[in-house]
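Me: Hi! Could you walk me through this protein chain, in plain words?

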Amino acid sequence: MPPTLKDVAEKAGVSRSAVSRTFTEGASVSPRTRKKVEKAAAELGYSPNALASSLTTGRTKLIGLVSNNFHNPIFLEVFDLFTRGLQERGLRPLLVNLSHEIDPASSVRMLQQYSVDGVLVASSTLPPGFAFAFRDAGMPVVHSFGRYSSSTQVHVVGIDNVEAGRMAARELLARGYRRIGFLGGPEAATSTQDRLKGFSEELASHALVSLRTSFADAYSFEAGRREMQRLLQSKPAEAYFCGDDVLSIGALSAVRESGLRVPEDLGIMGLNDMEIAGWANINLTTIRQPVRQIIGSSIELIVAMLDEPERYPEARLFPCTFVERGTLRPRA
């Protein structure tokens, strides 16, 4: 049988409540008692029961980590950073897959059943209504990679997708492209809408530039590949800004299969700069989204909200940077 709190109390020569206070964050216990309890616990191999502790403190230390884009490889990086960051702060992630979920209410009920202390919505494609539903249920919530608004109603951490679209347009124009395409993710996704908005607005001021717009049905390799195969059946654009890296890599695969050369015959640019974008056989020119900083800031906010749940909502935006590789021709 594993050692119990009672065993530790007897070995340390203290009360069971003293042992409980020692392992309860913020509880009052003298340095002498703490030292005796920790020594006894180490010798017995005792670990406090997290479930029992939650009954005492009213906190489970569970943070719902909610997303819907599990087929996109960048979320392997995202989940790795989120889970490690939460665990380093003594919190435990509860991963929730909303890939086929359209009703926020059922997600709220599920997380209420687990009595989570807070929620991190890690998605650029879930509508804001999901974050609002968690907020309205009284849960501290941060929408990571969410849509920026000047009148934000929940904490949002991410990038200005409209400005990212403008950056992409400026880079293509600087390379002399004039027949330009946008290959976005799902048209209903707010990230797709905002990136296209900035992209098209920047191109609109150049009279000799034409823009062709198309959308894939998912942010996935196969969706990007299928859509580019369709586009190649007629006269394609000279270069495409794709909604994210995984779409770009699917499009790149279709272009190479067709016998066209990249970037000599057709240019491709992505967004995110996920790890595989830099692999030698891909070498994707892209716009880097500062994922690590976004996740660190999101965790910082959710931790602060555990002690200050009424904290006024704020939007934290991080700048993107251009990453030059080999899928666009050089600047003119």
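Predicted model: local features only at pLDDT ≥ 70, side-chain atom pairs only at ≥ 80, totals over all residues.

Me: How many helices and strands are in the chain?
Reply: There are 12 helices and 12 strands. These are DSSP runs (helices: H or I, at least four residues; strands: E, at least two), numbered from the N terminus.

Me: What share of the chain is buried?
Reply: Of its 332 residues, 50% are buried, meaning under 20% relative accessible area with a 1.4 Å probe, protein chains only.

Me: Which residues of helix H10 are buried?
Reply: In H10 (residues 221–231) they are Ala223, Gly224, Glu227, Met228 and Leu231. Seen down the helix axis, they fall within an arc of 125° (taken from the directions from the axis to the C-beta atoms), so they line one face of H10.

Me: New topic: how many aromatic pairs are there?
Reply: The search of the whole structure finds five. Rings of Phe, Tyr and Trp (its six-membered ring) pair if their centres lie within 6.5 Å; planes under 30 degrees apart count as stacked, over 60 as edge-to-face and the rest as tilted.

Me: Why is the pair of Phe182 and Phe199 called tilted?
Reply: Their ring centres are 5.9 Å apart and their planes are at 40°, so the pair is tilted. Phe182 sits in strand E6 and Phe199 in helix H9, 17 residues apart. Both are buried.

Conventions:
Residues numbered from 1 in each chain as written. Heavy atoms only, no water.
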